[in-house]
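Dear colleague,

Please find below the structure that I am handing over to you, followed by an account of what was found in it. I would be grateful if you could read the two side by side.

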Amino acid sequence: MKLVRFLSRKNKKNWFAVWLNVVVMFGFLVTAAQSYAGENNADMRAFLEQMPKAELHLHLEGSLDPQTVSRLANNNDLNFFNSADDVKKSLSNREPGLNGFLSHYNKALQVLKTQDDFYNATYELLRILDQNNIIYVDLFFDPQEHTRRGISFDEFFNGIDKGRIEGEKAFGIKVNLIMCINRNLSVQSAIEALEQAENYKDKIIGFGMDSGPEYGNPPLKFKDVFARARREGYYLTGHHDVHVQDSVKHIWQSLDIIKLDRIDHGLDAVNDAELVTALRERNICLTGSPVKRTSDPEPQDIDAIRKLDDNGVCVSLHSDDPGQFESGYLSNMMILVQEAGEFSKADMTRLMLNAFRALWLSDEEKKSYINKLKTYAAANTVVWNEVTRTKSK
Ligand SMILES: [Zn+2]
């Protein structure tokens with residue numbers, strides 16, 4: 001009653017004082033909430049940036065940023081992509097989907113001509129990966145894209161390999177190489193690429209398949225080539241891009257007939273419950289790449305990644321072609337994915353754990369990488385049982 005009397009209409013000054021207090025209090029709460037959220041964001045960003053990482057889906061040819069592409073184009077006297085703006089324009093004007101992407105990609109990689117170009121591209125890429133705290137990388141390269149431009153396998157491969165060896169030493173990153181055949185080219189051309197790699201077999205860990213269109217170029221087309229690569233000791237992987245006609249059918253072929261060790265992309269598997277079970281039970285990992293173009297409001301396919309993860313499929317996050325997407329390199333991509341999907345630190349750690357689980361290394365070597373992640377999680381008070389989704393004892 002006293003308050004009512006105090007705030008009686010006769011006492012306008014007191015009404016004003018209360019109103020002012022409410023406004024000030026509200027402002028204070030909003031500012032506090034904003035600064036808490038800001039701190040939270042900053043803390044999460046730092047957590048993701050500093051996390052030790054493995055990058056398993058990264059194309060050397062797609063890693064060149066617009067500045068590097070235009071510099072190489074000018075050095076090599078090419079009459080296209082002579083400024084970074086030209087490259088950016090081509091990137092933003094490309095058609096949506098894989099075909100639009102490939103039309104830019106196949107043009108941009110032509111700026112790589114000399115052995116030194118390949119060396120520098122590889123070495124500089126490893127410098128950036130080190131800044132992203134990447135401690136292990138499986139790096140793709142596309143031999144046919146270079147040999148069909150008249151650059152011999154020996155010429156470009158020696159450049160890449162020198163960059164790899166020196167980069168490993170300088171930055172302390174472990175690098176393995178995966179040669180990818182182009183699925184749109186002939187079987188004979190794929191066999192020739194495999195034969196050209198003969199002398200470098202001990203320097204190449206995997207044999208993959210990329211490019212497109214994927215529809216009409218199923219994994220079965222290269223059944224015998226994959227079988228031969230397997231006999232020669234390569235691990236096998238292949239691209240199965242998202243939202244592509246027949247991609248689920250292609251993943252089944254790769255699992256049951258080709259027997260790939262890993263699937264690149266493969267997120268369309270989420271549409272087939274039996275396939276999800278098969279991937280989980282056979283422990284086949286998917287190297288997802290939820291890239292973001294300038295026109296995308298957020299990274300793509302986050303729901304598919306969440307569903308696959310919730311169903312126990314080994315799915316991980318990778319940057320694919322960081323020079324050609326706004327999502328860029330792995331740390332930035334992980335920040336975008338975390339923000340858009342509101343994933344917890346334990347979730348983000350599990351997605352990285354999946355990458356380390358997918359390494360083509362001995363159990364002992366894998367364990368040593370996983371222990372690094374485990375130590376990092378502990379130092380950041382992330383509960384490992386929440387990462388692995390196992391019950392504590
Ligand atoms: Zn790719």
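**Strands and their partners**

Histidine 59 stands opposite phenylalanine 140 in strand 2. Residues are numbered from 1 along each chain as its sequence is written. The model is a predicted one, in which local features need pLDDT of at least 70 and side-chain atom pairs count only at pLDDT 80 or more, while totals for chains, interfaces and linings use all residues.

Strand 1 (residues 53-59) and strand 2 run parallel and are joined by 5 bridges; two strands pair if DSSP finds at least two bridges between them. Strands here are DSSP runs of E with at least two residues, helices are runs of H or I with at least four, and both are numbered from the N terminus. Strand 2 is also joined to strand 3 (residues 174-182), by 6 bridges, and these two run parallel. Within strand 3, methionine 179 is the bridge partner of phenylalanine 141. Strand 2 (residues 134-141) has 7 of its 8 residues buried, so it is largely enclosed by the rest of the structure. A residue counts as buried if 20 or more other C-beta atoms, placed from the backbone, lie within 10 Å of its own.

Strand 6 (residues 262-265) is joined to strand 7 by 3 bridges, and the two run parallel. Isoleucine 263 stands opposite leucine 286 in strand 7. In a regular strand, side chains alternate between the two faces of the sheet. From strand 7 (residues 285-288), Cys285 and Thr287 point one way and Leu286 and Gly288 the other way, and all are buried.

**A helix pair**

Helix 9 (residues 187-196) and helix 10 (residues 223-231) pack at an angle of about 10°, with their axes 9 Å apart; the axes are lines fitted to C-alpha atoms over the stretch in contact, and angles run from 0 to 180 degrees between N-to-C directions. That makes helix 9 roughly parallel to helix 10, a term for angles under 35 degrees. Val187, Ala190, Ile191 and Leu194 of helix 9 make the contact with Val225, Arg228 and Ala229 of helix 10, where contact requires C-beta atoms, placed from the backbone, within 7 Å.

**The chain overall**

The protein chain has 17 helices and 8 strands. Of its 393 residues, 42% count as buried. Among contacts between residues at least 6 apart in sequence, 73% join residues at least 24 apart.

With kind regards

How values were computed
Angles under 35 degrees count as roughly parallel, over 145 as roughly antiparallel, 65 to 115 as roughly perpendicular and the rest as oblique. Two residues are in contact if their C-beta atoms, placed from the backbone, lie within 7 Å. A residue is buried if 20 or more other C-beta atoms lie within 10 Å of its own, exposed if 12 or fewer, and partly exposed in between; C-beta atoms are placed from the backbone.
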